[in-house]
Amino acid sequence: KITVKFAMMDDEFNDFEGRVGEGNFASAPQNTLEEPISETILRDLRQVGSKLKIVLVPRGDQEGVLKKLKEWDLWGPLLVCLLLSIMLSWTAPTNQGALVFASVFVVVW
């Protein structure tokens, strides 16, 4: 059992207790240390793809969509930001491609 104390702005301490391994991670396997890297990457890419699909085309019941969106990560937004930066840098003049990529990436991310 782990107890963690967090100092708040007004010097109050809040205790949070829990057991390691407790949590609601139903979509991830329990032991991924012995899993091959290729399976891990493919599983993560499928999850990012399914979340992007839900964001771009929200079909189905509203509660299911909201439940899926609460399981967030930062891979989807990073991929969208990189894709936008790359596409805009390709359409920029040759000598400004790197500047457009960097500025779009910094502003969006």
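Which residues line the second largest pocket? Hold that question while you set up the view.

**Before you start**

This is a predicted model, where local features need pLDDT of at least 70, side-chain atom pairs count only at pLDDT 80 or more, and totals for chains, interfaces and linings use all residues. Residues are numbered from 1 along each chain as its sequence is written, and side-chain values use heavy atoms, with hydrogens and water left out.

**Stop 1: the whole chain**

Show the cartoon. The protein has four helices and two strands. Along the sequence they follow the pattern β-β-α-α-α-α. Helices (H or I, at least four residues) and strands (E, at least two) are DSSP runs, numbered from the N terminus.

Now colour by accessibility. Buried residues make up 13% of the 109 residues in the protein. Buried means under 20% relative accessible area, exposed over 50%, and partly exposed in between, with a 1.4 Å probe and protein chains only.

Contacts come next; a contact means heavy atoms within 4.5 Å. Take the contacts with a separation of 6 or more: residues 24 or more positions apart account for 23% of them.

**Stop 2: the second largest pocket**

Select Val48, Lys51, Leu52, Val55, Lys68, Leu69, Glu71, Trp72, Asp73, Gly76 and Pro77. These residues line the second largest pocket. Its volume is about 170 Å³.

The pocket is found on a 1 Å grid over the protein atoms alone: it is an open set of points where a 1.4 Å probe fits, with protein on both sides within 12 Å along at least five of seven lines, and lining residues have an atom within 4 Å of a point. Grid points are joined across faces, edges and corners, and the volume is the space filled by probe spheres set on the points.

Colour the lining by helix. Helix 1 (37-56), helix 2 (62-70) and helix 3 each supply at least two residues. Helix 1 gives the most, with four residues.

Then colour by residue class. The lining divides into six nonpolar, one polar and four charged residues. Here Ala, Val, Leu, Ile, Met, Phe, Trp, Tyr, Cys and Pro count as nonpolar, Asp, Glu, Lys and Arg as charged, and the others, Gly among them, as polar.

**Stop 3: lysine 51**

Is lysine 51 buried or exposed? Lysine 51 counts as buried because its relative accessibility is 16%. Leaving out residues up to four places away in sequence, lysine 51 touches Lys68, Glu71, Trp72 and Asp73.

**Stop 4: serine 89**

Move to helix 3 (residues 75-91) and pick serine 89. Serine 89 has a relative accessible area of 15%, so it is buried. Show its side chain: it reaches the backbone oxygen of isoleucine 86 at 2.9 Å. Beyond its neighbours within four places in sequence, serine 89 is in contact with Gly97, Val100 and Phe101.

**Stop 5**

How many aromatic pairs does a search of the whole structure find? It finds two. In one, phenylalanine 101 and phenylalanine 105 are stacked, at 6.2 Å centre to centre with 10° between the planes. Rings of Phe, Tyr and Trp (its six-membered ring) pair if their centres lie within 6.5 Å; planes under 30 degrees apart count as stacked, over 60 as edge-to-face and the rest as tilted.

Both phenylalanines lie in helix 4 (residues 97-108), four residues apart, about one turn of the helix. Phenylalanine 105 also stacks with tryptophan 109, at 6.4 Å centre to centre and 15° between the planes.

Phenylalanine 101 is partly exposed at 28%, phenylalanine 105 at 23%, and tryptophan 109 at 46%.

**Stop 6: the end of helix 4**

Select tryptophan 109, in the segment after helix 4. Its C-alpha atom is 6.7 Å from that of cysteine 81, 28 residues apart along the chain. Not counting residues up to four places away in sequence, tryptophan 109 touches Leu74, Pro77, Leu78, Cys81 and Val104.

Finish with valine 108, in helix 4. Valine 108 is partly exposed, at 45% relative accessibility. Its C-alpha atom is separated from that of leucine 82, 26 residues apart along the chain, by 9.4 Å. Valine 108 touches Cys81 and Leu84, again not counting residues up to four places away in sequence.

Note on methods:
Polar contact = N/O pair within 3.5 Å; in protein donor to acceptor, adjacent residues only side chain to side chain.
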